[in-house]
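Please keep the sequence and the structure in view while reading.

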Amino acid sequence: MTTSPRWTARTPDDVLGVLADLRRADPPTHGGRVLSYVYDSGRADLDAVAARAVELFLPVNGLDPTTFTSVAALEGRVVARARQVLGGDEGTVGSVTTGGTESCLLAVKSARDVWRAADPSRVHARPTLVLPTTAHPAFHKAAAYLDLDVVAVPVDTVRGTPDAQAVLRALDERTALVVVSAPSYPFGVVDPVAQVAAGAAERGVACHVDACIGGWVLPWWGSAESPVPPWDLRVEGVTSISADLHKYGFAPKGASVVLYRDAARHRAQFFATTAWPGYPVVNPTVLGSRSAGGLAAAWAVLESVGEDGMADLVAATRSATATLRAVVDATPGVRLVGDPTGPLLAVAADDALDADRRVDPFLLVDALRRRGWLAQAQPALVQGDGSSLPRTAHLTVTPVTLRVVDDLGAAFRAAADDVRGLPPAAPDPGLAQAVLTDGLPEDLATVMATLEALPPDVVRPLLVEVLARASAPTA
Ligand SMILES: *Cc1c(COP(=O)(O)O)cnc(C)c1O
């Protein structure tokens, strides 16, 4: 409090003006130009009802649904809606969380504690978490927080999905949980859920379907000609599933659901204690005090959309995705990874062509950005068996994409033309230091190529330092 300028009160106009200025520097959250992070339904009425719901429930504390009974009522309604959509039945229970990471973390916590409780010798033992290399990092985080060992099973470099038998071979008496994705975030492909879940059940291993991104879109995605293979709670052997409301449930950030086939696994997710002289503590999720705003907004949006509304929004998303797929297929130098089911596309360089006709995905991402479109660069990965997954450009398609898909397609073709035949982005050994002192450059291709090339043990602390410095204290 000594070195900073005096902390004097500012007017609402002043502070709101500052906030508006800061927002202007952000990429647009609406309109379809940002092809990750944001999920725009394109329906202003949904944004309006969400904002009003947040305002109403912002001060309500989700810590204690016995005091704030509105929280219990809303959570019960959202879970009921989710289990209806995700193939559950009257026995299905679950929780509303603040996001996919929390839903996944809780599924791992539940599985770990059920695994430990099954045998007295396991009380302090360290179980494993088996997952395909394409599983979301939320599971690596959960394993790190909760003391599990990750067993990563390579996926096929062409299809982007794991061989179900290879996943099942990784299961043993140490396995607390096996994870499959519907679909995976990097490549948008659905893992062999039914085969893995059935094999896991035979072996007495819990199976989580990570439908964080697919849970509110796949139910309406399939058609008579191309049905989505079974992936939800209707699949025998699936013990839990996660689905983010703040993605294709079109809720503001801060809402997801995790569901369990049976109540015991749900209860194992809770934490309760009386070991202090304060109020009896029982937390179903990670946080203590939290606003009920996200929960209220998620419920309000779901009820405002309805089943037909969801089908319409997904139809728009599917149509935009099909158009973009056709653009990718028709653009020389790139290829799609795998056969995506759902609204995520991963674009790799077409290595069947000569180098002078290929399009490097990192250069493509920069070229798209210069044309006003934000795709996401995904570095290559060497898997445990030595095989390599390619570097890709990731595109998340949303309902609003349909309104701009012709412009996006044209920008994609033009961006590919901009960089076709250029040498792929290569690592720059001096870059790490430059980024630490000067921050991130506009063009990220060299940064991504450097991250891709450095050993993970070097990259991880570097990433931490870059991000920590980005939000270091300022006046
Ligand atoms: C987004 C996502 C998560 C994690 O969700 P957050 O809401 O970002 O915490 C987990 N799994 C998949 C497949 C996702 O797409």
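In helix α9, the residues Ala316, Ser319, Ala320, Thr323, Leu324, Val327 and Val328 meet Thr401, Leu402, Val405, Leu408, Gly409, Phe412 and Arg413 of helix α11, where contact means heavy atoms within 4.5 Å. The model is predicted, so that local features need pLDDT of at least 70 and side-chain atom pairs count only at pLDDT 80 or more, while totals for chains, interfaces and linings use all residues. Residues are numbered from 1 along each chain as its sequence is written, and side-chain values use heavy atoms, with hydrogens and water left out. Helices (H or I, at least four residues) and strands (E, at least two) are DSSP runs, numbered from the N terminus.

Two packed helices are described by the angle between their axes and the distance between the axes. Axes here are lines fitted to C-alpha atoms, for helices over the stretch in contact, and angles run from 0 to 180 degrees between N-to-C directions. The axis of α9 and that of α11 (residues 401-419) come within 9 Å and cross at roughly 10°. The two helices are therefore roughly parallel to each other; angles under 35 degrees count as roughly parallel, over 145 as roughly antiparallel, 65 to 115 as roughly perpendicular and the rest as oblique.

Helix α9 (residues 293-330) also packs against helix α3 (residues 69-85), at an angle of about 45° and with the axes 10 Å apart. α3 and α9 are therefore oblique to each other. Their crossing is left-handed, a term used if the near helix is turned anticlockwise from the far one by less than a right angle, and right-handed if clockwise. On the α3 side, the contact involves Val71, Leu74, Glu75, Arg77, Val78, Arg81 and Gln84, which meet Leu295, Ala296, Trp299, Leu302, Glu303 and Glu307 in α9.

The strands may be considered next. Seven of them form an open sheet with mixed pairing, in the order β1-β7-β6-β5-β4-β2-β3; two strands pair if DSSP finds at least two bridges between them. β1 (93-97) and β3 stand at the edges, each with a single partner strand, so one side of each has no neighbour in the sheet. From one strand to the next, the twist averages 20°. Within this sheet, β2 (residues 128-132) and β3 (residues 149-153) pair in the parallel sense over five bridges, with valine 130 opposite valine 151 in β3.

Four bridges join the antiparallel strands β11 (residues 344-349) and β15 (residues 392-396), and leucine 344 stands opposite threonine 396 in β15.

An automatic or database domain assignment supplies the domain bounds, dividing the protein into domain 1 (52-301) and domain 2 (431-470). Their C-alpha centres lie 31 Å apart. Helix α12 (residues 431-438) packs against helix α14 (residues 456-470) at an angle of about 20°, with the axes 9 Å apart. That makes α12 roughly parallel to α14.
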